Amino acid sequence: MSTIVIHGSTRENGNTEYLAHQAVPEQHTTHIYLRNYHIEAIKDERHSEEGFKKIEDDHHTIIDQMLNHDVIIFATPIYWYSMSGLMKNFIDRFSQVVREPGYETFKEDLQSKQVYVIAAGGDNPGIKGLPLIQQFEYILQFFGSSLDGYLIGKAGRPGDIKNDSKALSEARMLKEKLSL
């Protein structure tokens, strides 16, 4: 099974990225770092007569890569009980993708994928990260899919994730589960 990790952190080599690499080493998978792409914010044109206008950015490039994999992992720091702005912006555009020519089967395509979330946050992330997990569960329910699992690490300052032995152990278990 092929795996893709969509990284939503703005910080290179941050805690979430480190944790994701422990679960899904770069040499075995595709890693997309949203900070390295240009993705426009969604302009809600669902109800206009013309529908959504084509946007010239990198969103479709990432969507196409995502759809070519069996396993999708969203890796994001926990920001205010939710995903990062980069990740939110990327996912908000799903509303446009489902209405675009060439992506008529986007919803059905996502149903065949295994989906996981890897997140890291500071103060009590096991509790404060739950709204983030629920948000992903609701997003996937919209597509008729479900979240296959998640991993939340505790890390407030750069490098702190290396001290979270529980999260690192769970990352190793996910790596084994995915046969990487």
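Author: The largest nonpolar core has 32 residues, and those with the most contacts inside it are Ile6, Ile63, Met66, Phe74, Phe90, Ile91 and Phe106. Such a core is a set of buried Ala, Val, Leu, Ile, Met, Phe, Trp, Tyr and Cys residues joined through side-chain atoms within 4.5 Å, where buried means under 20% relative accessible area with a 1.4 Å probe and protein chains only. The model is predicted: local features need pLDDT of at least 70, side-chain atom pairs count only at pLDDT 80 or more, and totals for chains, interfaces and linings use all residues. Residues are numbered from 1 along each chain as its sequence is written, and side-chain values use heavy atoms, with hydrogens and water left out.

At least two core residues each come from strands S1 (3–7), S3 (71–77) and S4 (114–121), and from helices H2 (59–67), H3, H4, H5 (106–111) and H7. Helices (H or I, at least four residues) and strands (E, at least two) are DSSP runs, numbered from the N terminus. H7 supplies the largest share of this core, 5 residues. A second, separate core of 18 residues includes Ala75, Tyr116, Ile118 and Ala155.

Leaving aside neighbours within four places in sequence, Ile91 is in contact (heavy atoms within 4.5 Å) with Phe74, Met83, Phe136 and Ile139.

H7 also gives the most to the lining of the largest pocket, with 4 residues. By class, that lining has 7 nonpolar, 2 polar and 4 charged residues.

Methods
Ala, Val, Leu, Ile, Met, Phe, Trp, Tyr, Cys and Pro count as nonpolar, Asp, Glu, Lys and Arg as charged, and the others, Gly among them, as polar. Buried means under 20% relative accessible area, exposed over 50%, partly exposed in between (1.4 Å probe, protein chains only).
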